[in-house]
Amino acid sequence: MLSKGKFLLGKTFEGEPVEVSLSDLSTHMHILGATGSGKTLLLNLIDFQAYLNELALIKADMKFDEGNFKLNYALSYYTGRNFYFFNPYAGQSTGLLASLGSHSYNPLLIGNAETITSKIINAAERPGGSVSFYEEVKENLVLALVSGLLSTGLKFSFKDLWVCLLRGKNGDYPALKRLIEISKDTASKVSLTELYQRLTSENNTLRTQAEKEIIGTRLFFQRFSVGAVAELVNSYNPDIDLLSTISAGDTVMFVLPVLLYEVVSKAIGKMLLADLRYITGYMASVGIKKDFVISIDEFENFVFKGIEDIFNKGRSAGAKVIIAHQSIKDIDLAYSQELRGIIQANTRIKVFLAQADVESAEWFSKLVGEKDLAYSMPLESISLREVSNYIVPPKELTSLKTFSAYYYIKGKPLKGHILTVPTDFVLGKDIPKPEFKPKVDRTNGIRLYEYYLEAGGREEIDSVYP
């Protein structure tokens, strides 16, 4: 029943296949379902067909599903395509995820000064307005630093940004001073020189105020510059190159364990999608179209302002975007109800799996629409909700059994169930057990971090992360 050029999503209860064409999938897919409803099984089925259709696959998730990992690694192994794996949990403790290792990825290598700055600001954003003034990541400061670094023509990373905001052993800021010297961007030079003068001023009030202004930005950069994650995101020539992955038809899988590293995992997830936003925009602007799949589970952790461009420009570039999460309220809590509408408008294929959330059920019912009322009803004692004659009633949605689903494709609702593919590969038997090792290459870039250490900054670094 699986065939090239089509994606099978399940079967109706009458036994008819529920499938979409490769072209249909370009209108993107939105999956809603509670934990245990079958979301991962459906994503496994879609992943399998991405290989069948010889499509590059970019996956990201805030948890680790062992079966999904084994499926994608096995399919890559048996089809001879490269498999890249980003895993900040590598080596942190016991268990399979810790033992797998990781490849490296630098989210600061793609974009111009404005897009890289936007990427950082969106990644640092915390919903709810709970961040104090001195905890904020300052956009003007980030833009000045990024512009200065980019103007040198040299690659850079979070470590280089971080040390620009670190005081040296002599009370100055040696890396910031060095950046000012080599920067070729006039506006950046002016802004950073003014900051440097205040940070090193003999006027205690002026200096203290300047130091407070950089605290939040410095702390954000620090999160990616020390500890286990630092080895994975600070290479000038990392293993993972998203555009090359798409071009070659390979697979890359990002596992971002939000329960273990909430701030860092969410930030990397947002920067990943920002990179995909930039890449699909670039491909669309230069007329490059290459069919590939972007699969994002627990999507609410990845959202930021402007993420709709991935759907809009992604279609022109050949991207087929599949997003999955538990309830429609996830999006509201993570960002806003406005984004809910944007997602609804930009995903033409909807899949509703078992869950008890009434608001999600009502959202889906309204989306599918109402029947024409065949007769008039007295309204005096009947609520609007009771009068509503939904084609798919909310109660029917909230009573779905595990692995059952409502599909909404091309304006037509279909009730059925999802299908599964084998994921019980045994590492070391069916497929070799992988041990991914990150490529950490800092020999061809700006190397401000190394310059800072040579200027006597080791003691300052060790005080942060002994």
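Q: Is Thr-27 buried or exposed?
A: In this predicted model, Thr-27 sits in the loop between α1 (22-25) and β3 (29-32). Its relative accessible area comes out at 12%. Buried means under 20%, so with 12% Thr-27 counts as buried.

Q: How far apart are the end C-alpha atoms of helix α10?
A: Helix α10 covers residues 204-223, which is 20 residues. At 1.5 Å a residue, they should span 28 Å. The model agrees, because the end C-alpha atoms are apart by 28 Å.

Q: Where is the kink in α10 centred?
A: The helix has Asn-203 capping its N-terminal end, with a side-chain oxygen 3.0 Å from the backbone nitrogen of Thr-205. Further on, α10 has a kink of about 40°.

Q: Which residues of α10 are buried?
A: Cover for the buried residues of α10 comes from elements including α5 (113-124), α6 (139-151), α7 (158-164), α9 (186-199) and α13. The buried residues themselves are Ala-210, Ile-214, Gly-216, Thr-217, Phe-220 and Phe-221.

Q: Which residue just after α14 takes a positive phi?
A: Helix α14 runs over residues 308-317, and Ala-317 is one of its buried residues. Just after the helix, phi is positive, at about 105°. The residue is Gly-318.

Notes: Residues numbered from 1 in each chain as written. Predicted model: local features only at pLDDT ≥ 70, side-chain atom pairs only at ≥ 80, totals over all residues. Heavy atoms only, no water. Buried < 20%, exposed > 50% of the residue type's maximum accessible area, 1.4 Å probe, protein only. Helix = DSSP H or I, 4+ residues; strand = E, 2+ residues; numbered from the N terminus. Expected span 1.5 Å × (residues − 1). Bend = angle between axes of the 7 residues up to and from the residue. Contact = heavy atoms within 4.5 Å. Polar contact = N/O pair within 3.5 Å; in protein donor to acceptor, adjacent residues only side chain to side chain.
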